[in-house]
Amino acid sequence: MSRQQPNEKELLKTVLEPLLEDFQYWFERSRTLLESEPMPFFSAQEQAQLLERIVESQKEVQTVQMLFQATNGAAGIDSRMLLPWHQLVAECWNVAQKRRKFKNQA
């Protein structure tokens, strides 16, 4: 018995909705970290610039989430918009890893 393929709306809800939630989770976690303590491997300006990029990305993701909810999951997003967010999340992970490394060395 073959399983019926999800329609586009179901696919968006299954894939896009949790992905946007993940972006928000990682951006918020990184934002909290950057707002709470100086990173010894960043200058104050570098840290402020990364924080600014995170805050801006949070706003963008939030806008997409509101549009997605307002259209009851019928609105998608151009995949080219996702790449910068993916890259920023990877950068956030790298910062967290460097922070752990510095804390373990102290």
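**Ground rules.** I number residues from 1 along each chain as its sequence is written. I noted that in this predicted model local features need pLDDT of at least 70, side-chain atom pairs count only at pLDDT 80 or more, and totals for chains, interfaces and linings use all residues, while side-chain values use heavy atoms, with hydrogens and water left out.

**Confidence.** I looked up pLDDT, the predictor's confidence in each residue, from 0 to 100. The protein has a mean of 90, and 94% of its residues reach 70 or more. I found the lowest confidence in α1, at a mean of 90, and the highest in α2, at 96.

**Helix α2.** I took helices as DSSP runs (H or I, at least four residues), numbered from the N terminus. Helix α2 covers residues 44-70, which is 27 residues. From first C-alpha to last it reaches 39 Å, close to the 39 Å expected at 1.5 Å a residue; the expected span is 1.5 Å times one less than the number of residues.

I then asked which residues of α2 are buried (under 20% relative accessible area, with exposed over 50% and partly exposed in between; 1.4 Å probe, protein chains only). Among them are Leu-50, Ile-54, Gln-58, Val-61 and Gln-65. An α-helix has 3.6 residues a turn, so residues three or four places apart point the same way. The buried residues of α2 pack against α1 (8-36) and α3 (79-105).

Not counting residues up to four places away in sequence, Leu-20 touches Val-61, Val-64, Gln-65 and Trp-85 (contact means heavy atoms within 4.5 Å).

**Gln-24.** I found Gln-24 in helix α1. Is Gln-24 buried or exposed? Gln-24 counts as buried because its relative accessibility is 17%. Beyond four places in sequence, Gln-24 touches Gln-58, Val-61, Gln-62 and Gln-65. The side chains of Gln-24 and Gln-65 make a polar contact at 3.2 Å. A polar contact is a pair of N or O atoms within 3.5 Å; within protein, one must be able to donate a hydrogen and the other to accept it, and residues adjacent in sequence count only if both atoms are side-chain atoms.

**Asn-72.** Asn-72 lies in the loop between α2 and α3. I noted a positive phi of about 55 degrees there, although Asn-72 is not a glycine. Most residues other than glycine have a negative phi. Asn-72 counts as exposed because its relative accessibility is 54%.

Technical notes. Helices (H or I, at least four residues) and strands (E, at least two) are DSSP runs, numbered from the N terminus.
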